[in-house]
Amino acid sequence: MSPLYCGEKHEQSSIALIAIIWESPKPVLFNRPPSHKPLNITGDKATPPPKSDTNQPGSHHVLGEPLGRVFEIAVDGSTEDDQSLNMDLDRGAVSARRHHELDETQQGWLLGPPEAKKKDRHVDLGCVLVKRKVLWWAFWASPPPSSSSASPSSSPSPSRTRSTPRRRPTSTPGRYKRRSSSSTPRNNIHRFLDRAGRLPRNNGVPWRGDSGLFDGSKDVKGGLVGGYYDAGDNIKFHFPMAFSMTLLSWSVIEYSDKYKAVGEYDHARELIRWGTDYLLRTFNSSASTINHVYAQVGHAKVNGTEPDDHYCWNRPEDMEYKRPSISVGSAPDLGAEIAAALAAASIVFRDDTAYSEQLVHGATTMFKFASDSIGGDSHAAATYSRGQPEIEPYYNSTSYWDEYMWGAAWMYYATGNATYEGLATDPATPRNAAAFAGVLDLAVFSWDNKLPGAQLLLSRLRMFVSPGYPYEESLRGYHNVTEINMCAYLPRFAAFNFTKGGLALFNHGGGQNLQYVVANSFLAALFADYMEVVGVPGWYCGPHFLNADVLRAFARSQINYILGDNPRKMSYVVGVNKRYPRHVHHRGASTPRNRVKYTCTGGRRWLDSKKADPNVLTGAMVGGPDKDDGFQDVRANHAQAEPTLVGNAALVAALVAVTSSGRGTGAGAVDKNTMFSAVPPMFPTAPPPPPSWKP
């Protein structure tokens, strides 16, 4: 497949799935100064940060760990670097800024020094055209987030307390020179591959059938049938599953026109409903108060020797080992995430009044359960995974205040109840969540860390509605941190390391990196669209004003890398281009459907087989390359070769965010109003004018 360029006409066959512009230049690396002391990014000279409480809004201009790695923006006169930064200023945006007066509130959003004269150059950031079939692929492949059949320590997530190395990146992103490539996918299945339960007749995947029909049958009336399997294994982990549904719903709410333009709107709703129908079964959703929720179905012991979901290598249709349903009585994190998923989906299904109300009721019950789990002592509650040997090694939750903020925000949008708005913006919430502490890893959006997403979601409220007192202080803090997070994503500021090929290492070179890359690319592109909607041309990173298109260019560069613009010229989405993973860590894909029902250990021959997958998992994004752009296409290499549900949900969201199909301009960049459909007017409507005076 040859790349398309803006303005070119290019004939393609019906099987060509993607048209990518490789033209967008990667931002230059901005090296930090020799000193590693924290810098105040708001001044003209490098000065120590203020000694005020870092948990207070407005005092968090330095991003990093208080006693560890700090996100630094050099401002002390590196002439060459300053010139290269200033050249990224979009002349068109600056011109528009001169002709479009921002109101006082919008001016306050541009957190930085007054505009100074800079040497500027118009930068053409190119465009990305993602045709509908690449979205079909991502939709129809259902992969999720973490480890499966190997040691849990080998696929870590960003830790809430892990220090980032203080060394400079060993490689400069952008040195890899792009070369045009041609790819012709073998086929396009257009089917969703990891659904559990009784599949619909139009499933259309010959190697998939009904499975897990007795899940939870001894625990719940009607059982826990349905939902999605996690990754290459057959466990249903409800914590990442709920997050995946929240993420998909968010993308549909914001980009409904794009989904409709590529013909995937109804399909996306179908996938969300398959997940939310299942989540409603994990607790008594018809009640107003509950005392437990089911956290997962299936289990795996680390280095176990008894048949379970990791020890056995079986297609889900052939499972015969025990699959326990695991319930928890304290789940402030899981409860808030399920509430977020149901609340977000209720907005997606606003046109189906009965189902939307059912989702809102379930979300209300679940959020109350989450709040009750916290109780009066904000630090005494246990996370849903603590003390759970079947959960903790795989999807261990390291905090619950991020989910609490995230869930409260979605509950407010779904119900319009100002109580939830108050919970999300109560000064205690960001303090308990360390939202303003400046920990670098807390800038990484993931299944375990909802803070960046929650802060962007609440920044939306400030940018579009500006409710004012008493919410403004926290909302301003969330907006400020969101802008700093966006600065941290850019390679020029070297907050995170990048591979030589240009891939962000948001999990510090650990396994399953791509799921973090696409999740944060989605946030970057979405924030750029928010700025476009409100007519703000960009934002400040310290003294440097950056155009919003810089974020879009970053997101596109990461998507392009995943789809084949990398040193190996390999697509990490199965079925895309000529080179893609052929030995995916996935039981269903690797085991032939040959009417043979393999035993628990008998199926392991397919794990060890060097033959390519007999069932192509078209559309599945795998874990991805290592910190050196290396990739081992070996089925046992779950850290690199395993797809995840969260990864594919985030991939879909990111693809929709960067595609130009169905995109409007200005207010049409996102759907501004649907999110607020349940929110009452912030200010009373003006009374009607008095009747005309009659003598």
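Let me start with how helix 5 and helix 10, the latter being residues 401-415, sit against each other in this predicted model: the two pack at an angle of about 40 degrees, with their axes 13 Å apart. That angle makes helix 5 oblique to helix 10, and the crossing of the two is left-handed. On the helix 5 side the contact is made by Phe-239, Phe-243, Thr-246, Trp-250 and Ile-253, while helix 10 contributes Glu-403, Trp-406 and Trp-410. As a reminder when you look at those numbers, an α-helix has 3.6 residues a turn, so residues three or four places apart point the same way.

Now to the strands, where we have an open sheet of three, in the order 3-4-5, with antiparallel pairing. Strand 3, at 236-237, and strand 5, at 325-328, stand at the edges with a single partner strand each, so one side of each is left without a neighbour in the sheet. Strand 3 pairs with strand 4, residues 293-297, in the antiparallel sense over two bridges, and for Phe-237 the bridge partner in strand 4 is Gln-296.

Notes. Residues numbered from 1 in each chain as written. Predicted model: local features only at pLDDT ≥ 70, side-chain atom pairs only at ≥ 80, totals over all residues. Heavy atoms only, no water. Pairing = 2+ DSSP bridges. Helix = DSSP H or I, 4+ residues; strand = E, 2+ residues; numbered from the N terminus. Axes fitted to C-alpha atoms, helices over the stretch in contact; angles between N-to-C directions. Parallel < 35°, antiparallel > 145°, perpendicular 65-115°, else oblique. Left-handed = near helix turned anticlockwise from the far one by under 90°. Contact = heavy atoms within 4.5 Å.
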